[in-house]
Amino acid sequence: MSWADTLAQGLLLGGLYALFAAGLSLVFGIMRLVNLAHGDLIVLGAYLILGIGSALGISPFLAASIALPVMFALGWVLQMALLNRVLGEDILPPLLVTFGLSVVIQNGLLSAFTADSRKLPIGPVEAHSLPLGPVTVGVMPLITFGSAIAVILILNWLFYRTALGRAFRATSDDAVTAQLMGIRPKQIFGMATGIALVVATIAALYLGARANFDPSIGPARLLYAFEAVIIGGLGSLWGTLAGGLVIGVAQTFGAALNPEWQILAGHIAFVAVLLVRPRGLFPRAQD
Amino acid sequence: MAILSLQGVSKSFGALKVTDDVSFSLEPGEALGIIGPNGAGKSTLFNLITGNLRPDAGLVRLDGRDVTGETPMQRCASGIGRSFQIPQPFDHLSVYENLLVAARFGGAMTAAEAPAACMDVLARTGLAHLADRKAGGLPLLNRKRLELARAMATKPRVILLDEIAGGLTDAECGELVATIRAIHSEGTAIIWIEHVLHALTSVVTRLMVLNFGKMLMIGAPEEVMAAREVREIYLGLDA
């Protein structure tokens, strides 16, 4: 495999990591909540798609379109019933609660689906590839990457062009003053977590289509997502995409040198970026 | 009927009584000034009116309806607007977006009517040329104007102004007072906490003096300012 191929594979893999990270970035940006269960919620989304697909005998893509509103509702309920109660000045309670949630989801999935690894049956499209100039890329990684760009574009539009997005930003700036403007922060947070889980479900589709998953892989996805968000700079969605790409490229180059170095190379790239740019590549102008 | 009334409202922070049995009512379209030394409980009184604080005792009524248990969002929707002593704009939003948020959520305007209403408020507060600037970078006068503009965009029937003239030059203060007078002349009721007395007394028709959380006096500005106890406590004159 040529270096150009490796780079292309890395960039496309980075699209998947950006999808892992976008929901995390959104929730952190709006309510300063670090959701330690984000990776497990992605895995939960993958099992939901698998379950809907096999129960109704439909393709994972159709199943995902049913899973999206379900996961939105789950996010809303999760925020309104649980996370809103622990948000406050102290950042420890939300960390503990989402950590607990992570354990609950992992063990719940374990008893429901066993520890066997599963994969979403996406059919022949999995093997298709396209020649793209000097490199050849798989159709699924390309769709994944395109989806990541589309998700970031839509989230940016939502954030900067709609009334809901302005309410997100206003609440993020100052939740107390936002209330005096008639905004209900708890409902705004509910919408945000709902949207974050919609993005997580899109990520779950491509995660499950790309590789095997089992109930225990959530925390590792959370770690990649975290690194992507931090590399990109907190609060910037395009930065999160860039962060995903950095980790994806580092991992594929690491793997090309020695298959055992894949994961390590991603983490080294993370540390290297932080050494040079402690606030990430695209930090918000004023914070 | 009074648009806003407080009845026996008290609030303590620990052993400190910051609001002590305050009762008054505000008629529709009236302008009431509040003065008092630092720490007299003026801003706390605003927090009790907006619902950011719940009183330990007493009632807050809007149009005769008890709203003591209502949240700040509900009271904003019922027509209470507020500007803060220390301006608190949404720093990462543009000036125009700050108003849009207030108009769409607090003023319950539709997406179609909000832009025109916001541009109108921007023009009246002298901010039109700064519409697309990030609120975070504005200097003090424009931050104060934005506080006022944002409160106006929620379409309030009572607007609470907290030391909006403080820290401004005479000329800047004059502009702001003209804007406030214009808002008042359109029928919006005003409660205004201010240390800059000549600005205050050029607008308000009644004046309240707070000291240690207690309402010391309320009445016509000239009567209040002439009262001996007010001069002693507020202006710090000996005997």
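**Helix packing, chain size and domains**

Me: At what angle do helix H2 (residues 38-56) of chain A and helix H4 (residues 92-113) of chain A cross?
Reply: This is a predicted model: local features need pLDDT of at least 70, side-chain atom pairs count only at pLDDT 80 or more, and totals for chains, interfaces and linings use all residues. Residues are numbered from 1 along each chain as its sequence is written, while chains are lettered from A and ligands numbered from 1 in the order in which they are written. Axes are lines fitted to C-alpha atoms, for helices over the stretch in contact, with angles from 0 to 180 degrees between N-to-C directions. The axes of H2(A) and H4(A) come within 9 Å, and they cross at roughly 25°.

Me: How are H2(A) and H4(A) oriented to each other: roughly parallel or roughly perpendicular?
Reply: Angles under 35 degrees count as roughly parallel, over 145 as roughly antiparallel, 65 to 115 as roughly perpendicular and the rest as oblique. The axes cross at roughly 25°. H2(A) and H4(A) are therefore roughly parallel.

Me: Which residues in H4(A) meet H2(A)?
Reply: Contact requires C-beta atoms, placed from the backbone, within 7 Å. From H2(A) come Asp40(A), Leu41(A), Val43(A), Leu44(A) and Tyr47(A). They meet Ser102(A), Ile105(A), Gln106(A), Leu109(A) and Phe113(A) in H4(A).

Me: At what angle do helix H5 (residues 139-161) of chain A and helix H6 (residues 163-173) of chain A cross?
Reply: Their axes come within 5 Å. The angle is roughly 75°.

Me: How many helices and strands are there in chain A?
Reply: Helices (H or I, at least four residues) and strands (E, at least two) are DSSP runs, numbered from the N terminus. Along the sequence the pattern is α-α-α-α-β-β-α-α-α-α-α-α-α. The count is 11 helices and 2 strands.

Me: What radius of gyration does chain A have?
Reply: The radius is taken over C-alpha atoms, and the globule rule is 2.2 Å times the number of residues to the power 0.38. With 287 residues, a compact globule would have a value near 19 Å. Chain A agrees, with 19 Å.

Me: How far apart are the C-alpha centres of domain 1 of chain B and domain 2 of chain B?
Reply: The bounds come from an automatic or database domain assignment. It gives chain B domain 1 (1-79 + 158-168 + 190-239) and domain 2 (86-155). In the interface, 6 residues of domain 1 of chain B are in contact with 9 residues of domain 2 of chain B. The centres lie 25 Å apart.

Terms used. Two residues are in contact if their C-beta atoms, placed from the backbone, lie within 7 Å.
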